[in-house]
Amino acid sequence: MSFYIGREASKIRKRICTESGIEINLLSEKWKYILGGLIFQYIHGFAARGVHYIHRPGRTLQDVGFFLLPWTFHPFIFKIKKIYTVLIWCRVLAFLAACQFLRIITFYSTQLPGPNYHCREGSKLATLPPPNSVLEVLLINFPWGMLYGCGDLIFSSHMIFSLIFVRTYHKYGARRFIKLCAWLAVIAQSFLIVASRKHYTVDVVVAWYTVNLVVFFVDKQLPELPDRTSAALILPLSKDSKAKEENHKFLNANSGDPAEWV
């Protein structure tokens, strides 16, 4: 028994080392894309904070979702691995940047009166006084500025993140049950966002077709992720063919038969 445990522990250690080596190699090549995507997350937060300065509370707009959904909600390593973490995050960040760029243009074009409780007339949080310094603007009052923002409505940022993550897992994930649960969750989230008055219904509806269209077209422009069967193209070069075969076995968690490298 102890021999079996020791052998399995050795396999796990070797698998972790092999996977880590591959991901580090990929990160050394793709770090600019990862960094660019992360920087754009800040730009998006900066823009959302900026629109709060020009937000003016007003009468809440008529919204069919508000009539249908009463205010009852308050703000509130698997073994088999099909994709490489660095590459999938490059893809996800590209989707996020494209959608958020369109979102920034949209909510700066027209500022709607926020439907949330802290964005309504009479709330001290509905408007922001002029900033006292450039630093105050750059720091975007994180995280409170993100939680109590007003004016960045069309289209929903919650839906951007949810739809991108769900679509990505739907394409590259391996568990059908998780895919089903993810889609049901994002559908339920659509109703909860409106019910909690985080957004107008139009913000959620526009997000559904905009995000899906953006992901569809951006995905067509990006190179397809390499299959695990092509791991030899990413693994460090080795003259020992037996070592290569062992690496494949650990990466794919199967036998040494090349036909099973999936």
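The exercises below go through a predicted model, each with a worked solution.

Residues are numbered from 1 along each chain as its sequence is written. In this predicted model local features need pLDDT of at least 70, side-chain atom pairs count only at pLDDT 80 or more, totals for chains, interfaces and linings use all residues, and side-chain values use heavy atoms, with hydrogens and water left out.

**Exercise 1. The chain as a whole**

Task: State how many helices and strands the chain has, and what percentage of its residues count as buried.

Solution. Step 1: helices (H or I, at least four residues) and strands (E, at least two) are DSSP runs, numbered from the N terminus. The chain has 9 helices and 0 strands. Step 2: buried means under 20% relative accessible area, exposed over 50%, and partly exposed in between (1.4 Å probe, protein chains only). Of the 262 residues, 38% count as buried. Step 3: accessible areas come from the Shrake-Rupley method with a 1.4 Å probe, and for residues only the protein chains shown count as cover. The chain exposes about 15,800 Å², of which carbon and sulfur atoms supply 68%.

**Exercise 2. Annotated spans**

Task: Find which residues the UniProt annotation "transmembrane region" covers, and describe the span 83-105 in the model.

Solution. Step 1: according to the unreviewed UniProt entry, the annotation covers residues 83-105, 145-165, 177-194 and 200-218. UniProt positions are given in the numbering used here, feature names are shortened, and annotations may be inferred rather than shown by experiment. Step 2: residues 83-105 are 91% helix and 0% strand, with their end C-alpha atoms 33 Å apart. Step 3: for residues 200-218, the figures are 95% helix, 0% strand and 27 Å between the end C-alpha atoms.

**Exercise 3. Salt bridges**

Task: Count the salt bridges and trace the network that includes K171.

Solution. Step 1: a salt bridge is a side-chain nitrogen of Lys or Arg within 4 Å of a carboxyl oxygen of Asp or Glu. The count comes to 4. Step 2: one of them joins D152 to R103, with the closest N and O atoms 3.3 Å apart. Step 3: D219 bridges to K171 with a closest N and O separation of 2.7 Å. D219 is in helix α8 and K171 in helix α6, so this pair ties together parts 48 residues apart in sequence. Step 4: E224 also forms a salt bridge with K171, at 3.3 Å between the closest N and O atoms. Bridges that share partners join R91, K171, D219 and E224 into one network. Step 5: D219 is buried at 17% relative accessible area, whereas K171 is partly exposed at 37% and E224 is partly exposed at 48%.

**Exercise 4. Aromatic rings**

Task: Classify the ring pair of W89 and F165.

Solution. Step 1: rings of Phe, Tyr and Trp (its six-membered ring) pair if their centres lie within 6.5 Å; planes under 30 degrees apart count as stacked, over 60 as edge-to-face and the rest as tilted. The chain has 6 aromatic pairs by this rule. Step 2: the ring centres of W89 and F165 are 6.2 Å apart and the planes stand at 75 degrees, so the pair is edge-to-face. Step 3: W89 is in helix α3 and F165 in helix α6 (residues 157-172), so the pair ties together parts 76 residues apart in sequence. Step 4: ring pairs link W89, F161 and F165 into a cluster.
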